Amino acid sequence: MPVKWLMNWLPKYGSEITNPLLAEVILCLEGFGSITKVGNWLHRITIYRAIDRKGAYVSDASASSRNLGHKFLGIAFHDHPSVYFFVIPLPRHLTVLEADANIQILMSQLGSFKHSSVRYFQGFQYRLGDFQLKVGKCFRSAPENFRGIVLEIEYLPLSSMEVCRPIMKEFFGILQEEFSKMSVPGHLINIEAHFERFGLQDYYTAQHTALQYSACLFQLGVALRGGKKHDLIISDCLLRRS
């Protein structure tokens, strides 16, 4: 599977992330001469919480006292429609698992967990030489309920993250230079997960992508809360800035 980098847009302090800003980011990206739009994309991250016999959510305090993992993420990717990914916090670490997409039906029938909220990543997909790019917004429940702007870069010829790193860094630098010319100041932040902590190797897989989007979701939440970190599902041990 080709290597992917995922990043989010960090506006200058005091600036807001809005639809006009996203439109300018897209316009800037489409300014590359040979870039071609190839379609749309939509990823979905669901936050699940355990429920008790009465159908109420299990409290953080109750779950902690019983060493119970009562919150986790379920991720559906546009380019992996037959697979559903879980990012699950265990007592001392996080783990990422793959399952058949139909497991969502089974979970709704069992009734031990139910989703408390959903985050969507949606936008346009492009091809530029050996690169494939996805740009779009993260939102909750409605597209106008903005969480942030994201950009996914995929280098199609390579699957080794270390071999691909200098190529991605060079392309990332080119993008940063172009985006620096926008009317609204800001820049891209590339956020990598600590893949080695989850037993993931150098060769890239869809599980790597699941961890990247989990880390991105956490980072966007921190930005919206003004730097306050109190997300109990994804901790900042996931994050490694490059």
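Reply: Contact means that heavy atoms lie within 4.5 Å. This is a predicted model, in which local features need pLDDT of at least 70 and side-chain atom pairs count only at pLDDT 80 or more, while totals for chains, interfaces and linings use all residues. Residues are numbered from 1 along each chain as its sequence is written, and side-chain values use heavy atoms, with hydrogens and water left out.

Me: Which residues is N8 in contact with, leaving aside its neighbours within four places in sequence?

Reply: With those neighbours set aside, N8 is in contact with I149, V150, H187, L188, I189, I191, C216, Q219 and L220. N8 itself belongs to strand β1, residues 3-11, where strands are DSSP runs of E with at least two residues, numbered from the N terminus.

Me: Is N8 buried or exposed?

Reply: Buried means under 20% relative accessible area, exposed over 50%, and partly exposed in between, with a 1.4 Å probe and protein chains only. N8 has a relative accessible area of 3%, so N8 is buried; of the 242 residues of the chain, 48% count as buried.

Me: How many residues has the largest nonpolar core?

Reply: A nonpolar core is a set of buried Ala, Val, Leu, Ile, Met, Phe, Trp, Tyr and Cys residues joined through side-chain atoms within 4.5 Å. The largest one here has 57 residues, and L151 is among those with the most contacts inside it, as are L29 and F179. Apart from it lies another core, of eight residues, including Y48, F86, A99 and M107.

Key. Helix = DSSP H or I, 4+ residues; strand = E, 2+ residues; numbered from the N terminus.
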